[in-house]
Amino acid sequence: MAIDTNKQSANFEQTGPALLAHRRIAILTDGYSTPFVAKTAISLLRYRTQDVAAVIDAAAAGSTSQDLLGVGGPIPVVSGLSEIPDVDALYIGIAPPGGKLPEEWRPIILQALRRGIDVVSGLHDFLTEDAEYIDTAAGSESRLIDVRRNRLKSTADCHRFRPGCIRIHTVGQDCSLGKMVTSLEIHRGLVDRKLNSKFLATGQTGIMISGEGVPIDCVVADFISGAAEQLARQNEQHDFLLIEGQGSISHPAFSAVTLGLLHGSAPDGLIFCYEAGRTHVKGLDDIPIPPMKDQMEAYLVAAKLRHPCKFVGIAINTRHLNDEEALAEIERAESTFGLPTCDVYRTGADKLVDACIGLRAEVVGR
C-alpha cells in the first residue's frame, strides 16, 4: 500500500488507480543499471512495457533498454527528463541493499516535481518524509507515492479461508532469484486458460506492476502475518491466489518476513524457487546456503503449523546456464524431487500452471 501526499491515503483502492493510471513512465536507474540493483526497472520493463516511455541513465544514453538491461526492446535510454515528452510519472527503478535513495538523484526528482510529474518510489527512504520534495510537489500538484509506506497494525486471527480459494506461495533458497516472476507467470498462465486468478504483490516491484499489495518487509514485525492474512482475505473470492514470496526461511537477515508470509497467507501449495549455481547467500557472500532438501523440509514444517500444505513444483533461474545445461538442470531437479520443474522464462510456466490446477482439484475434492 502506498501513501499519496495529496490524499494521505493508505488503502488499496486509491493506490491502485494512482499507479495504474500512469501511461508515460520514465524509469530512473542512472548510474545503477546492473541486473541486481535495477531489478525493479527490469520487471517494470517486462510487465508494464506499454506504459514505459524511457529509461534514464546518462552513461548509456542513445542505447535501448534492451541493450542496457536485456528487456524492453526499443524503449530508449536517455540522459534526462528533458528528452522525454509528456511524462506522467518518474519511477525509481532500483532496489539496492538497504533501500537508500541516491542523494545524487535529488536534482532529477526535483525537476520532475516542478514539471508536475508524479514520483513513485519503493525504497526505505520515503519521499514523503523529505520537506523539500513535499513543498515542491505541493506547488505543482504532483504526487509523491511511497509504495513501501503503510499503516498496517492488525495481527493475524487464523482466518479460515474459503475452501475454493487455492493459495499458491512461491518460496526459495535465497532472496532475489525470481519468486515474483514465477508467481506472475503462473498467474498469467491461469488467466490465459480463462481461470479466476489473482497475483498478490508483497514487495515494491510487484506493487508497482499490479498497482496494489503489501510491502511486507516494511510492516512492523508483530503485524506481518496479519498483513499477509488481510491481503489474502481481501481477495479470497478468486479461485487461485498467487502470493509473491520474500526472502528465505534460512536467510540470516530476512527469514522473519518469510515465516510471516507463510503463516499469514496459509498456502495450500508451495513452489520452490532457486538459482542454478548459487551456493552462498546474496549479500552475505561468506554464508553458504543450506541444502535445498533441508530448506524444503523446513518450509513444510513451518507451513503445516498453520495449514495443510505441500510442494507442487520447482522453478529454476537458469540465467547463468546455456540451453543444454538448463535443460539438464531441469531434468535433474525433476528426478531428484519428483516435482514438475521449469524455468518460467526459458521453458514457460505450463508445468506449474498444470500443477496448480491439479492441486485445486485435489483440495476442493477433499
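Mentor: The sulfur of Cys309 lies 12 Å from the closest cysteine sulfur, which belongs to Cys356, and this is too far for a bond, because a disulfide is a pair of cysteine sulfur atoms within 2.5 Å. This is a predicted model, in which local features need pLDDT of at least 70 and side-chain atom pairs count only at pLDDT 80 or more, while totals for chains, interfaces and linings use all residues. Residues are numbered from 1 along each chain as its sequence is written, and side-chain values use heavy atoms, with hydrogens and water left out.

By the disulfide rule, the count comes to zero. Cys158 is in no disulfide either, since the nearest cysteine sulfur, that of Cys309, is 14 Å away. The surroundings of these two residues can be described by relative accessible area, where buried means under 20%, exposed over 50% and partly exposed in between, with a 1.4 Å probe and protein chains only. Cys309 counts as buried at 8%, whereas Cys158 is partly exposed at 49%.

Turning to the rings, a search of the whole structure finds four aromatic pairs, where rings of Phe, Tyr and Trp (its six-membered ring) pair if their centres lie within 6.5 Å, and planes under 30 degrees apart count as stacked, over 60 as edge-to-face and the rest as tilted. The pair of Phe272 and Tyr274 is tilted, because the ring centres are 6.5 Å apart and the planes meet at 35°. Phe272 also pairs with Tyr299, this time edge-to-face, at 6.3 Å centre to centre and with 70° between the planes. As Phe272 belongs to strand E11 (residues 269–275) and Tyr299 to helix H10 (residues 292–304), this pair ties together parts that are 27 residues apart in sequence; helices (H or I, at least four residues) and strands (E, at least two) are DSSP runs, numbered from the N terminus.

Ring pairs link Phe272, Tyr274, Tyr299 and Phe311 into a cluster.

Elsewhere, a charge can sit over a ring, which requires NZ of Lys or CZ of Arg within 6 Å of the ring centre and within 35 degrees of the ring normal. Lys282 lies over the face of Phe36, 4.7 Å from the ring centre, and Arg360 lies over the face of Phe240, at 6.0 Å.
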